[in-house]
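Please examine the structure shown below. The paragraphs that follow explain its surface charge, its pocket and its salt bridges in turn.

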Amino acid sequence: MGSFADRALAQLHDAGALAALLKGPAAADYPHLRRLVDEVYATDGVELDSITDAVVQTVRPEHALAGADRVALTWSQQQPTYTTADLRGLVERTGDEVWADLYATVLLDVVAAVDPGGIESAVTHAIEHITSLADFRSRFRYLDLDAFLARRRITTVEELRESAEYVLAEVHLKPAPPFDPADPVNARTITLDVALAVREDRDLVAALRAARRLRAAGAAGPPGSADATFGHPSRAFAVAVVLPAATAAGQPDDDAVDALFATAGVLPLFASPP
């Protein structure tokens, strides 16, 4: 009969079969797939309304994720103004690979509201006749004055007046139009990769640890290319785990397992391969 993992690989290396497992029962919306989007993209400025379809473009069985170490440095500079930069390097290791049992590129049809980000008006004027530091603070709606002065090494109002000419800008953004999920302009297709671990049994501890190993391997490498809707990805891929469907009495049911995995940002998929 073969092991569950072997039978699952034999079935799910087919793009159509994997897409069917990802989507689950036929529906007009697949809210559980939002977990994949949330793992790969930071959705600032975008409100995801629904996911209407999922198509698996490619599937690679037993895909090796090269081991790597990320090196992060902070570079501070003051010339003439104080700036910081985040420097990152990648040190690849050999002979220390993590394997995704399946590695898929998935196209998701989504309906999303995107902040247009347009400017309706902008007015600027000089800040003059500063009488005190408190007076300078009062000219702004939001200002961390202590941090502002510390960065410029200013301690008195006289030093403040002599250090620069200050300009205050008031910008009003265009209000977003009412969102209509049926409007075709809000329909988009995004692409993301999914690394899947196929587990032989419903050992939830081992499954979550396998998912974390995959995620750690992805975090060490570059995050991938940007999406036109969601921008630059925060991770190279989302993580999912394929488990046998619940059969034995006393096991946590699929809903309980899904709730547990959701706390780790991992999508569990329950399969019954022939």
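On the surface, Asp6, Glu200, Asp201 and Asp203 form a patch of negative charge. A patch joins like charges within 9 Å, using residues with over 30% relative accessible area and no salt bridge; accessible area follows the Shrake-Rupley method with a 1.4 Å probe. Asp and Glu count as negative, and the charge is placed at CG of Asp or CD of Glu. Asp6 belongs to helix 1 (residues 4–12); helices are DSSP runs of H or I with at least four residues, and strands are runs of E with at least two.

This is a predicted model, in which local features need pLDDT of at least 70 and side-chain atom pairs count only at pLDDT 80 or more, while totals for chains, interfaces and linings use all residues. Residues are numbered from 1 along each chain, and side-chain values use heavy atoms, without hydrogens and water.

The largest pocket has a volume of about 300 Å³, the space filled by probe spheres set on the grid points. A pocket is an open set of points on a 1 Å grid where a 1.4 Å probe fits, with protein on both sides within 12 Å along at least five of seven lines; lining residues have an atom within 4 Å of a point. Of its 13 lining residues, Gly24, Pro25, His32, Pro268 and Phe270 lie nearest the centre. Strand 9 gives the largest share of the lining, four residues.

The structure holds eight salt bridges, each a side-chain nitrogen of Lys or Arg within 4 Å of a carboxyl oxygen of Asp or Glu. Glu39 and Arg215 form a salt bridge at 2.8 Å, N to O. This pair links distant parts of the chain, 176 residues apart: Glu39 is in helix 3 and Arg215 in helix 7.

Notes:
Patches are made of residues with over 30% relative accessible area and no salt bridge: like charges are joined within 9 Å, nonpolar side chains (Val, Leu, Ile, Met, Phe, Trp, Tyr) within 5 Å.
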